[in-house]
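Hi,

Here is the structure I said I would pass on. Have a look at it first, and my notes follow below.

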Amino acid sequence: MCSRSRPKPLRTGRPRSAEADAAILEATRAALVELGWSKLTLGDVAARAGVAKTTLYRRWAGKSELVVDAVAVLFDELELPDRGSLAADIEGVVLQFAALLERPEARTALMAVVAESTRDEPLRERIRVSIVDRQKRLVLEGRARAQDRGELPAEPDPEAATRTADLIFDVIAGAVVHRALVSGEPVDEDWVRRFTAVLLGGLKAAATQAHKPADAPADGPTRNA
(Lines give C-alpha, C1' and ligand atoms only; values in the text may rest on other atoms or scores of the structure.)
Protein backbone atom coordinates (compact mmCIF):
# COMPACT_ATOMS: atom_id res chain seq x y z
CA MET A 1 0.00 0.00 0.00
CA CYS A 2 1.34 3.39 -0.89
CA SER A 3 1.42 5.91 1.89
CA ARG A 4 0.21 9.38 1.15
CA SER A 5 1.60 12.40 2.91
CA ARG A 6 -0.86 14.86 4.32
CA PRO A 7 -1.20 18.03 2.30
CA LYS A 8 0.46 21.04 3.88
CA PRO A 9 -1.92 23.78 5.00
CA LEU A 10 -2.15 26.69 2.63
CA ARG A 11 -0.59 29.91 3.82
CA THR A 12 -2.83 32.93 3.77
CA GLY A 13 0.05 35.38 3.52
CA ARG A 14 3.63 36.02 4.43
CA PRO A 15 4.08 35.92 8.21
CA ARG A 16 4.96 39.18 9.88
CA SER A 17 8.50 39.59 11.09
CA ALA A 18 8.94 41.04 14.57
CA GLU A 19 12.43 42.18 13.61
CA ALA A 20 11.13 43.99 10.53
CA ASP A 21 8.34 45.64 12.52
CA ALA A 22 10.81 46.85 15.17
CA ALA A 23 13.15 48.22 12.49
CA ILE A 24 10.28 50.02 10.76
CA LEU A 25 9.00 51.63 13.95
CA GLU A 26 12.50 52.70 14.97
CA ALA A 27 13.09 54.16 11.51
CA THR A 28 9.77 56.01 11.76
CA ARG A 29 10.77 57.69 15.02
CA ALA A 30 14.20 58.62 13.64
CA ALA A 31 12.68 60.07 10.47
CA LEU A 32 10.21 62.12 12.48
CA VAL A 33 12.97 63.70 14.53
CA GLU A 34 15.04 64.50 11.45
CA LEU A 35 12.36 65.42 8.92
CA GLY A 36 9.25 66.38 10.89
CA TRP A 37 5.70 65.31 10.19
CA SER A 38 5.17 67.13 6.89
CA LYS A 39 8.25 65.67 5.16
CA LEU A 40 7.95 62.15 6.52
CA THR A 41 7.04 59.57 3.88
CA LEU A 42 6.60 55.82 3.97
CA GLY A 43 9.23 55.57 1.25
CA ASP A 44 11.79 57.28 3.46
CA VAL A 45 10.90 54.99 6.38
CA ALA A 46 11.22 51.90 4.19
CA ALA A 47 14.67 52.99 3.00
CA ARG A 48 15.87 53.61 6.55
CA ALA A 49 14.49 50.29 7.77
CA GLY A 50 15.92 48.37 4.81
CA VAL A 51 12.57 46.97 3.68
CA ALA A 52 10.41 47.33 0.60
CA LYS A 53 7.65 49.94 0.59
CA THR A 54 5.15 47.15 0.00
CA THR A 55 6.12 45.75 3.42
CA LEU A 56 4.90 48.95 5.04
CA TYR A 57 1.72 49.11 2.98
CA ARG A 58 0.81 45.57 3.98
CA ARG A 59 1.02 46.54 7.66
CA TRP A 60 -0.17 50.16 7.82
CA ALA A 61 -2.75 52.04 5.78
CA GLY A 62 -0.81 55.28 5.94
CA LYS A 63 1.58 57.55 7.76
CA SER A 64 -0.74 58.38 10.65
CA GLU A 65 -1.29 54.76 11.67
CA LEU A 66 2.44 54.02 11.37
CA VAL A 67 3.45 56.93 13.61
CA VAL A 68 0.85 56.06 16.27
CA ASP A 69 2.22 52.53 16.47
CA ALA A 70 5.76 53.89 16.68
CA VAL A 71 4.73 56.01 19.67
CA ALA A 72 2.69 53.24 21.30
CA VAL A 73 5.72 50.95 21.47
CA LEU A 74 7.57 53.57 23.52
CA PHE A 75 4.70 53.96 25.97
CA ASP A 76 4.55 50.20 26.42
CA GLU A 77 7.96 50.49 28.10
CA LEU A 78 6.37 52.21 31.11
CA GLU A 79 6.05 50.07 34.23
CA LEU A 80 4.52 50.73 37.63
CA PRO A 81 7.21 50.23 40.26
CA ASP A 82 6.36 48.69 43.63
CA ARG A 83 7.95 51.17 46.02
CA GLY A 84 5.89 50.28 49.09
CA SER A 85 3.20 52.97 49.04
CA LEU A 86 0.74 54.53 46.63
CA ALA A 87 2.49 57.90 46.80
CA ALA A 88 5.89 56.38 46.04
CA ASP A 89 4.45 54.25 43.22
CA ILE A 90 2.86 57.31 41.60
CA GLU A 91 6.07 59.30 41.91
CA GLY A 92 8.01 56.46 40.29
CA VAL A 93 5.78 56.08 37.25
CA VAL A 94 5.43 59.86 36.75
CA LEU A 95 9.22 60.21 36.71
CA GLN A 96 9.39 57.39 34.15
CA PHE A 97 6.76 59.13 32.03
CA ALA A 98 8.63 62.43 32.21
CA ALA A 99 11.90 60.73 31.22
CA LEU A 100 10.13 59.17 28.23
CA LEU A 101 8.85 62.58 27.10
CA GLU A 102 12.39 63.94 27.23
CA ARG A 103 13.42 61.58 24.45
CA PRO A 104 13.30 63.49 21.13
CA GLU A 105 11.67 60.62 19.25
CA ALA A 106 8.86 60.32 21.83
CA ARG A 107 8.28 64.06 22.14
CA THR A 108 8.26 64.71 18.40
CA ALA A 109 6.10 61.73 17.52
CA LEU A 110 3.52 62.37 20.25
CA MET A 111 3.13 66.06 19.45
CA ALA A 112 2.84 65.26 15.73
CA VAL A 113 0.06 62.68 16.02
CA VAL A 114 -1.88 64.72 18.59
CA ALA A 115 -1.79 67.78 16.32
CA GLU A 116 -2.81 65.75 13.29
CA SER A 117 -5.64 64.04 15.19
CA THR A 118 -7.44 67.36 15.72
CA ARG A 119 -8.69 67.06 12.13
CA ASP A 120 -8.67 63.28 11.76
CA GLU A 121 -11.21 61.40 13.89
CA PRO A 122 -10.05 57.89 12.87
CA LEU A 123 -6.52 58.86 13.92
CA ARG A 124 -7.84 60.13 17.24
CA GLU A 125 -9.58 56.80 17.79
CA ARG A 126 -6.37 54.93 16.97
CA ILE A 127 -4.48 57.04 19.55
CA ARG A 128 -7.21 56.28 22.08
CA VAL A 129 -7.05 52.53 21.48
CA SER A 130 -3.31 52.06 20.91
CA ILE A 131 -1.92 54.46 23.52
CA VAL A 132 -4.49 55.77 26.00
CA ASP A 133 -6.47 52.59 26.65
CA ARG A 134 -3.34 50.45 26.80
CA GLN A 135 -1.64 52.72 29.33
CA LYS A 136 -4.64 52.78 31.64
CA ARG A 137 -3.27 49.42 32.79
CA LEU A 138 -0.88 51.41 35.00
CA VAL A 139 -3.77 53.13 36.79
CA LEU A 140 -5.68 49.87 37.24
CA GLU A 141 -2.60 48.09 38.57
CA GLY A 142 -1.72 50.91 40.95
CA ARG A 143 -5.26 51.21 42.27
CA ALA A 144 -5.56 47.45 42.86
CA ARG A 145 -2.25 47.42 44.69
CA ALA A 146 -3.27 50.40 46.85
CA GLN A 147 -6.59 48.73 47.67
CA ASP A 148 -4.76 45.57 48.72
CA ARG A 149 -2.60 47.69 51.03
CA GLY A 150 -5.67 49.42 52.46
CA GLU A 151 -4.62 52.80 51.10
CA LEU A 152 -7.72 53.17 48.92
CA PRO A 153 -11.24 51.85 49.49
CA ALA A 154 -12.70 49.23 47.18
CA GLU A 155 -15.12 50.44 44.49
CA PRO A 156 -17.83 47.78 44.14
CA ASP A 157 -19.63 49.61 41.33
CA PRO A 158 -17.78 48.70 38.08
CA GLU A 159 -19.04 51.75 36.21
CA ALA A 160 -17.95 54.11 38.98
CA ALA A 161 -14.59 52.34 39.18
CA THR A 162 -14.07 52.81 35.45
CA ARG A 163 -14.92 56.50 35.65
CA THR A 164 -12.47 56.93 38.52
CA ALA A 165 -9.69 55.17 36.59
CA ASP A 166 -10.35 57.35 33.54
CA LEU A 167 -10.20 60.48 35.66
CA ILE A 168 -6.94 59.47 37.36
CA PHE A 169 -5.35 58.74 33.99
CA ASP A 170 -6.53 62.05 32.53
CA VAL A 171 -5.20 64.02 35.50
CA ILE A 172 -1.76 62.38 35.45
CA ALA A 173 -1.28 62.31 31.68
CA GLY A 174 -2.67 65.81 31.22
CA ALA A 175 -0.56 67.37 33.94
CA VAL A 176 2.71 65.74 32.89
CA VAL A 177 2.26 66.34 29.15
CA HIS A 178 1.31 69.98 29.77
CA ARG A 179 4.22 70.54 32.12
CA ALA A 180 6.82 68.84 29.92
CA LEU A 181 5.66 69.61 26.38
CA VAL A 182 3.46 72.71 26.57
CA SER A 183 4.97 74.77 29.38
CA GLY A 184 8.45 73.35 28.88
CA GLU A 185 9.05 73.22 32.63
CA PRO A 186 11.03 70.45 34.36
CA VAL A 187 9.21 67.47 35.77
CA ASP A 188 11.70 66.98 38.59
CA GLU A 189 11.40 65.13 41.89
CA ASP A 190 10.18 68.21 43.78
CA TRP A 191 7.38 68.89 41.27
CA VAL A 192 6.44 65.21 41.22
CA ARG A 193 6.17 65.08 45.03
CA ARG A 194 3.92 68.14 45.10
CA PHE A 195 1.80 66.87 42.23
CA THR A 196 1.39 63.48 43.92
CA ALA A 197 0.28 65.14 47.15
CA VAL A 198 -2.40 67.08 45.28
CA LEU A 199 -3.54 63.95 43.42
CA LEU A 200 -3.78 61.86 46.58
CA GLY A 201 -5.67 64.64 48.34
CA GLY A 202 -8.20 64.61 45.54
CA LEU A 203 -8.52 60.82 45.61
CA LYS A 204 -9.16 60.82 49.35
CA ALA A 205 -11.74 63.59 49.06
CA ALA A 206 -13.49 61.75 46.23
CA ALA A 207 -13.54 58.50 48.23
CA THR A 208 -14.99 60.27 51.26
CA GLN A 209 -17.69 61.91 49.16
CA ALA A 210 -18.56 58.61 47.46
CA HIS A 211 -19.20 56.90 50.80
CA LYS A 212 -21.50 59.63 52.16
CA PRO A 213 -25.22 58.94 52.32
CA ALA A 214 -27.16 60.41 49.42
CA ASP A 215 -29.03 62.82 51.72
CA ALA A 216 -25.90 64.02 53.56
CA PRO A 217 -25.15 67.75 53.23
CA ALA A 218 -22.31 68.74 50.94
CA ASP A 219 -19.06 69.90 52.49
CA GLY A 220 -18.27 73.58 52.61
CA PRO A 221 -19.73 76.73 54.13
CA THR A 222 -23.48 77.28 54.07
CA ARG A 223 -25.44 80.49 54.13
CA ASN A 224 -28.74 81.17 55.80
CA ALA A 225 -31.54 82.09 53.47
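This is a predicted model: local features need pLDDT of at least 70, side-chain atom pairs count only at pLDDT 80 or more; totals for chains, interfaces and linings use all residues.

Gln135 counts as buried because its relative accessibility is 3%, under the 20% cut-off. Leaving out residues up to four places away in sequence, Gln135 touches Phe75, Asp76, Leu78 and Phe169.

Phe75 turns up again in the largest nonpolar core, which has 57 residues. Phe75 is listed there with Val45, Leu66, Val67 and Val94 as the residues with the most contacts inside that core. Elements giving two or more residues to the core include α1 (18–35), α4 (63–75), α7 and α8 (158–182).

Val67 is worth a click: beyond its neighbours within four places in sequence, Val67 contacts Thr28, Leu32, Trp37, Leu40, Ala109 and Val113.

Now for a helix pair. The axes of α1 and α4 come within 9 Å and cross at roughly 105 degrees, so the two helices are roughly perpendicular to each other. On the α1 side the contact is made by Ile24, Leu25, Thr28, Arg29 and Leu32, and on the α4 side by Leu66, Val67, Asp69, Ala70, Val73 and Leu74. By type, the residues of this contact are eight nonpolar, one polar and two charged.

Last one: Val182, in helix α8, counts as exposed because its relative accessibility is 56%. Val182 is 71 residues from Met111 in sequence, with 9.8 Å between their C-alpha atoms.

Cheers

Methods
Residues are numbered from 1 along each chain as its sequence is written. Side-chain values use heavy atoms; hydrogens and water are left out. Buried means under 20% relative accessible area, exposed over 50%, partly exposed in between (1.4 Å probe, protein chains only). Contact means heavy atoms within 4.5 Å. A nonpolar core is a set of buried Ala, Val, Leu, Ile, Met, Phe, Trp, Tyr and Cys residues joined through side-chain atoms within 4.5 Å. Helices (H or I, at least four residues) and strands (E, at least two) are DSSP runs, numbered from the N terminus. Axes are lines fitted to C-alpha atoms, for helices over the stretch in contact, and angles run from 0 to 180 degrees between N-to-C directions. Angles under 35 degrees count as roughly parallel, over 145 as roughly antiparallel, 65 to 115 as roughly perpendicular and the rest as oblique. Ala, Val, Leu, Ile, Met, Phe, Trp, Tyr, Cys and Pro count as nonpolar, Asp, Glu, Lys and Arg as charged, and the others, Gly among them, as polar.
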